[in-house]
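Please keep the sequence and the model in view while reading.

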Amino acid sequence: MDIEVALKFIEDLLVRKSARKLTENEKAILKGSWDDLTLDRIPGKYSFQNAADIRKTASKLWQDISTVFDPPIKVTKPKLKGIIEQQWRLRQEPEPKTSELPIIITSPENSDRLTERDFVGRKEAIADLDCLVDRGATCILIQSPGGVGKTVLAERYLSQRFNQPLLRFDIAKDTQNINSAEGWIEQNLRKLGEEPGREFLVSCDRLRTKLHSNAIAILIDNLEPALDKNGKLIDNHRSYVELLRVLCDPSLKSLTLITSRERVCENLEMTLYPLKVLSVEAWREYFSQEGLNADSPVLALIHKAYGGNALAMNILRERIALDYQGDIEDYWEFHYTEEGVSVETAVQNLLVEQFSRLESVDLTAYQLLCRMGCFRYQDVPTVPRNGLLCLLWDVPKRDALGAIERLWNRGLIERVNREYKLHPLIRQEAFERLKLREDWEKANRTAAEFWTESVKTIETEIDAITALEAYYQYLQIEDFDSAADVIAKERDHIYEMDEPLGCSFYRLGLLIEIEKVINTIKNQVNLGFSLVRIYNILGDTYWMTEKLQNALLAHEKSAEIAQKISTQKRKVMSIKK
């Protein structure tokens, strides 16, 4: 499409909508965007009256163009060309007769997602789907947590591989509003030129016959509201099983893609495709389209914080471009703290939605997910399975094992070398929810006991760091005496018997670490043997790091506390006599 044709088309739409024409500045922005120039380069190539206001002018222009369509279509710089070309073509073609419509056309609110430049980082996924289809798959379940990009991938793949619009079925956002399988088949049989049967199974047979002879693309979006905690279709919508059985028939010419955050565990010939998150390279490509500094090391940190989530990528690019004038570093400085990331509202809503869904359908798995928020996943990045099992102290082991598996199937926990972890954003939400529950303290105490019991001897740095995790569990519930007990706890090793954990740290060269953890709690620990021990260890640590004055003071403090304890014991003994 020629740029001059595009400019006339856009201006005609603006005149009809708001009786205004394009300014010279707006024409320059449109021409530069059409040529894939960044906003910063447009003033140099085109006559631009006020280069300082280019981002503000562009933002207002995208908003105005978005509203000329009915319904509105969100326009941004990367999407501009694809949307304008698509909408122009729609207005050049005569409306087909109703009888000629073979299937339901994709709804307008989804069409803007299919612009070429926005679709980044999915070449491997497209190739994977091609491979599955070549092997004979006729029904593929694309599964991942929310916001990873399942629906966009499915729409793009089907639009690339089929020349006609797809047959679409949007299930619902919640269980109460699920559309019926019967109604969907009845409606679409008529669109395909067939009359539905009086009975549902007859309609299923007629749909199968039609799909045997016609290569039709089908998208079933957001299936999980129709599933129970075990991945089976809920009782009120068991008819979906028959519909899916038809769509899974390996002899069909059609291809069905299903998107779901959860797996389907029915006896069906359905092929599972777990969708991976977008790579940092894909994020860089996407951000560079808006003229942002995609080579900034901060972008990798943001990508890691949001786990490569496609929804987050889309939100953040627009937010940084418009609200932070494209300054990625400024955005990150404002939103990152030691406690975690200040999460964008749309992403936070997605997290809340997933937690709420889990709470409503699988309370045991929900309890486990919240309790897993007590683990830190920092110095020890993963937790063994037994660490998760101990958190479900109130259910049988078999049910606990099932809860772990269901969380993994939903993509809410990650499995690495047979151990488990939470993504930082999920951990943050789980942690906040756990703090409000009555099992907050017990979860931390149970986790602390697990770490202590899991390390029998300190031979390596990993042993020492793992044993110290119990300290952090007690720190979270402000039980400083128990935290001190962790440092003072004695274990055997090949060179010495009854060595306190703190001594193991400085034996292994972890001097800075043990100094820091002792100084964090020393003034909040009550009088007792562990307090004597940690001051003594602190003195040794200072001595080894040549802080001799501090070492002397720490050892004197240790002796002073020991004397107080001894005096108290003598008083108690004298009273007993």
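## Basis of the description

In what follows, contact means that heavy atoms lie within 4.5 Å. The structure is a predicted model.

## Helix 19 and its surroundings

Helix 19 covers residues 397-409. Glycine 411 follows helix 19 and has a positive phi, near 75°.

The buried residues of helix 19 are Ala400, Ala403, Ile404, Arg406, Leu407 and Asn409. The buried residues of this helix pack against strand 1 (139-143) and strand 10, and also against helix 16 (345-361), helix 17 (363-372) and helix 18 (385-391).

Strand 8 and strand 10 (residues 419-421) run antiparallel and are joined by two bridges. Within this arrangement, valine 383 is placed opposite tyrosine 420 of strand 10.

## Aromatic pairs

How many aromatic pairs does a search of the whole structure find? The search finds 11. In one of them, phenylalanine 169 and tyrosine 240 have ring centres 5.9 Å apart and planes at 10°; planes under 30 degrees apart count as stacked, and therefore this pair is stacked. Phenylalanine 169 lies in strand 2 (residues 167-170) and tyrosine 240 in helix 11 (residues 239-247), so the pair ties together parts that are 71 residues apart in sequence. Phenylalanine 169 is buried, with a relative accessible area of 4%, and tyrosine 240 is buried as well, at 1%.

Tyrosine 471 and tyrosine 472 form an edge-to-face pair, with 5.0 Å from centre to centre and 85° between the planes. Tyrosine 471 is buried, with a relative accessible area of 1%. Tyrosine 472 has 19% relative accessibility; buried means under 20%, so this residue also counts as buried. Elsewhere, ring pairs link Phe375, Tyr377, Phe450 and Trp451 into a cluster.

## Arginines over aromatic rings

Two arginine placements complete the account. Arginine 156 lies over the face of phenylalanine 119, at 4.9 Å from the ring centre. Arginine 263 lies over the face of tryptophan 408, at 5.1 Å from the ring centre.

Conventions:
Residues numbered from 1 in each chain as written. Predicted model: local features only at pLDDT ≥ 70, side-chain atom pairs only at ≥ 80, totals over all residues. Heavy atoms only, no water. Pairing = 2+ DSSP bridges. Helix = DSSP H or I, 4+ residues; strand = E, 2+ residues; numbered from the N terminus. Phe/Tyr/Trp six-rings, centres within 6.5 Å; stacked < 30°, edge-to-face > 60°. Buried < 20%, exposed > 50% of the residue type's maximum accessible area, 1.4 Å probe, protein only. Lys NZ or Arg CZ within 6 Å of the ring centre and 35° of its normal. Expected span 1.5 Å × (residues − 1).
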